[in-house]
Structure formats: structure tokens, C-alpha cells
Amino acid sequence: MSDESARNITEDLLRPLQRTTWRFYVLVAFLGSIVAMGLGTWAYQMYMGFGMTGINNPVYWAFYITNFVFWIGISHAGTLISAILRLVNAGWRRPVTRCAEVITAFALMIGALFPIIHLGRPWLFFWLMPYPSSRLIWPNFRSPLVWDFFAISTYLTGSVLFLFLPMIPDFALIRDRSTGLRRRIYGALALGWRGTTKQWHRLESAMQIMAVAIIPVAVSVHTIVSFDFSMAPVPMWHSTMFGPYFVAGAIFSGIAGLIIAMAALRKFLHLEEYLHPVHFQNLGKLLLMMSLLWAYFVFAERLTVWYGNDTPEMNVFYVTQRGSFAPLYWTMVFCNFVLPFSILAIRKLRTITGCVIASFGVVVGMWLERFLIVVPSLSHKFLPYSWGHYQPRPVEIMIMTSTFAAMCLLYVLFSKFVPIISIWELKAGEHPSPALSPMAAHEHPLGETHA
Amino acid sequence: MSAIYALYDTGDAAQRAVNSLRNAGVADSAITVISDQPMEAYEFGEMNRATRIWYIASGGGLIGLVFAAWLTRMTELAWPLPTGNMPIVSWWPNLIVIFELTMLGAILATVATLLVAGELLRRRPALYDPQVSDGKILVGVDGPAIPDDVERALVAAGSPRIMRI
């Protein structure tokens, strides 16, 4: 790679860190105010009590648990996709991986917040942790809620480290180009990185192990989240296919979230040189595949329930197919299958705009799917006398809205302080090593092989 | 610390410097090459590749597994609470916790190994030049036995300026 090319990469990707426009402050103030309103609403809920929400007998899990499952699903975009692309050494991954890994870290943090909000008395959240009480009673390790604690903690720890390790060389780069307090902060984050051959090899080995370890952990996390439902004898929850169904849905919504984030970064940080249409096309193909897989799972689930004709399950089945939840159900089908399939199956429509439209549809559709898993089953349990209904209250809607703003805010702040594309990986990807890389082509602008 | 090094613009020049140092009798283990990206296309990029990090990660996973097996069994026996007609020590649900802690052990062992074996977080001053961040490749020797030979070797490889610390 020429010196000029390397310098351009460095300058382009460090530009957001060095220059701050008024737009950044306006955006941060706007998103920050929504987050502040959300925090205020949460405090209000704590003060007034859980009765401020629409959650009541028989629907004890509603908006908050819907959002918990949704955000854990979104978190599957990053680390899982990044780990798979790293392991298969897909050259086009280089500009994508960090954008994706950041989503995982922040979405997991937001997702893990919802069970705490749902507690009503969040200051007692430490009761979820596996430690003995004063009477030496431990939490029941046979409870899916304790499994959640272990799974989410492991995934969050692994994802944060998986994100942090490849950032170390970039922190060192910023350290060498900074002065004063900024130099000290980035110097501390760089952990004394120099870039010796030994350090590069150890980092490469560590990233390979992390990638191998994080894939089964990612799969286990959403499987365990599905166990929160499938271990309960509730109509249409007690299903053996919930594990893979949830994992597929999580990857589906995660890819959609990643495409939206990449499109926003490309536009607002002017990263057109690095986030090429081919990246969106490849992710669009993945999204299309996951859309088909999602449709397969929904068909398999619905057909099995319908064919079994078990009365309690059919009650839930009909209330979603043609009852009060039908508008949401068919919107979900449109957003998760009809829309992405119509756009992404046609090569000409698989543009950046097309991928973004399909992704917005999928994000909406997957949120509805989570809602339709949680609420109709709880509101239509086995005995009709116990049936009820649920309607979200403003408190829940405000808190949910503020978490979307929190995700955007965290992402904006991250891209302000850390290069959102790995500089050293991009340089290494453009390194002239003909034995390893074919020449650049229209399909492969980075000049590397597609896995 | 005492060290002699030179900065090179290209990987080819850095490779010549490494070869030149080897010809001057400097062992590979004494040669330091620093770059702002992995230099896998060059022979010197293969130095120091051998590592036991995979074994250590496996060991970390094993420790996590044993700890989780002990923890789940111990807690269930500490207060035997019949749940859902399951046995007091229920290995099926315990496997979930065991799996998670096994992977966590492997992940933490990997990161700890990277910090130690990669010589990160060291307090001792180390051979380095911030110009590496501008794309230069540093080739040098930390604590050279015969400084003049090292200097001659680095000059012979084409560096206009030799730095001494």
C-alpha cells in the first residue's frame, strides 16, 4: 500500500475524532434530552409504583420483556457476524466488523437494563446474582432467570473484550498523534501497545480464539432467552423449536440493525470510500437468507399448532391470525418477509437505499414478533375466565423510546471518540500481498477474496 | 535501557535491515521490528509466531468448567430444594451454567495471556518511536552486545539516520 493511501485512511478515519461540528452537539443534545426524559420517567415509575404501567394480571410480561428480547436480538448482529467473518477470513469484513461489534456491546447493555426496569424495585437487582443470602440460600440454578444472568454476563464480557482488543492498535495510533489529556487517556487505553511482531501475532491468535469462543456463546444467549418462555407451560410458548427460532430471529434483526447503522455512518461521517455498495449487497443477501429462514420457522410453528388443534393453543393462534392482534401479526409478516423478499431478491433493488428500507421493515417486524410472542399467550392462557388484555401506558412507551435514543446516543458518542472503522485492519487489507489477495475488481473493491 | 534502531519507509527495506542484522550475528530474538500494521507479507513478519495461547485458553476453559460443576452441585446440595420434580442435583439445567462459565474461563484466560505474552501493561520503558504511527517501520536491537556492528548493519540496509537511546 502506498504511503499516500495509508495516510488517507488514517486522516479520513480520524477526522470525526478531530473535528466537531455544531450538528454533533445538536444531535447529542436532542438524543440526550430523550434519554433524560426516559430516565425521569423511570424514576417516576419507581416513585409512583408499578401500577403506572399497563402490566397487570394476567399479562405480567409485556413491553419491558418485549424490549428485553428485542435488544438482545439486535445485539446478535455484531459479535456473531464479526466472529464468523473473521474466522472465514472474509476480506470485505474489515470496514464492517467494528460497526457491528459496537452494536452488540450497547444493545446488550440496553437489553440487560429491561429486566431491571421490570423489577419495579431496581435497587434489589443484585438479588439476581448467584451469591448466598445471609441464611446461605443460593438462587435456584434450575431457574431460567439465573441462566439468563450467566449467559448475558458471559456474552457481554466476551463482546466487550472482542470489541476492545482490536481497538488497542488504533488507540496507540491516536496516542501518538495527540497531546495533553487526550494523549494520556488514549495512552492508558492503548495499554502500552507498540506494534512488535510478537504483539501482532498474539493479538491475531487472541482474536481467533475469541471468535471461536464467542459464536457458541452468542447462540447460547438467545437460546437461553427463549428458555424463559419455552420452559413455561403457557400456550404457544412450550415449544422445542423456540431456541433455534429465537436465534434465527436475533441474527435477522441484528443484520437489519447493522445495515441501518452502517448506512447512517456512511452518510454522516462521509465514509463512502470505505463502506462500499458491495458491503450492503453482501449484508442484503444475508438479510434475505434470514428472512426466508424466519418465514420457514413461522410456517413450521404455525402449521404444527394448527395441525395439533389443541384448544388453548388454537385460542392464541386465532387471536393473532384473525382476532384483536391480527393487524399487528400481518404487519409483522409484511415487514419480515414480504417487504425484504420483494426488495432483496431483485438484484437491481439490492442497493444501499433498498437494503436500508428492508432493514427498517425488519426492525419494526421483529419488534412486533417479540410483542406477539409475549402478550397474546399471556392474555389467553388455558382457562377463559383468566383471560385479560394489555395496553401499554405512556410510561412504558416513553421508556422504550428513550432506549432507542440511548442506542443512537451511545453510537454517536462512540464514533466521536473511537475510529468506527478499524484503521490497522483496513491498512492490512490493502497491503500488497499478491500471494494472498487477488487484484481488486468491481465486485471486490478492497482487492480481497470473498468467503 | 540502551538500544539502536532505524526507521524504514517500506517493508522491503525493513526486510533488508533484518537480514543485514542477522548477517552481523544478531539473533532473531534480539531483533525488534515495530510497524503500524501486521506485516504478514514479509518474512520478518513471521518472527515470534510460536505461542501457547491456545493451550492456555483451553486451560482457562477447563478451570471454568470444573468451577461451574462444583458451584452448581454445591449450591443445590447446600439447600436441597425440590423443583419441578427434578433431582436435587440436576445436570441438564446445570450444563447451561457449566457451558457459560467454561467459555468465560477460556475468554478471560485468552485476554490475560495476550496482556502478559504480548508485553502489554509493562512499566519498563521499551524501544519505540512515534513515527511508526506515520507508517515507518522500526528495526532495532534492544541492548546490543556490539553496537557498532548493529549500526553498520542498519546503515547498510539503507537507513539515512540511526537512532540511539
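Predicted model: local features only at pLDDT ≥ 70, side-chain atom pairs only at ≥ 80, totals over all residues.
Colleague: Which residues of α3(A) are buried?
Modeller: A residue is called buried if 20 or more other C-beta atoms lie within 10 Å of its own. On that basis α3(A) is mostly covered, with twelve of its twelve residues buried. By name, the buried residues are A:Phe63, A:Tyr64, A:Ile65, A:Thr66, A:Asn67, A:Phe68, A:Val69, A:Phe70, A:Trp71, A:Ile72, A:Gly73 and A:Ile74.

Colleague: What do the buried residues of α3(A) pack against?
Modeller: Stay in chain A for this one. The partners of these buried residues are the chain A elements α5 (97-118), α9 (197-230), α10 (242-268), α14 (352-379) and α15 (394-417).

Colleague: How far does helix α3 of chain A reach from its first C-alpha to its last?
Modeller: This helix covers residues 63-74, which is twelve residues. At 1.5 Å a residue, 16 Å is expected, and the reach is close to that: 16 Å.

Colleague: Which element gives the largest share of the side of chain B that touches chain A?
Modeller: Here 53 residues of chain B are in contact with 46 residues of chain A. Elements giving two or more residues to chain B's side are β2 (31-34), α2 (53-78) and α3 (91-117) of chain B. The largest share is 15 residues, and it comes from α3(B).

Colleague: How far apart do the C-alpha centres of domain 1 and domain 2 of chain B lie?
Modeller: The domain assignment gives chain B a domain 1 (3-50 + 127-164) and a domain 2 (53-117). Between their C-alpha centres the distance is 45 Å.

Terms used
Residues numbered from 1 in each chain as written. Chains lettered and ligands numbered in written order. Domains from an automatic or database assignment. Contact = placed C-beta atoms within 7 Å. Helix = DSSP H or I, 4+ residues; strand = E, 2+ residues; numbered from the N terminus. Expected span 1.5 Å × (residues − 1).
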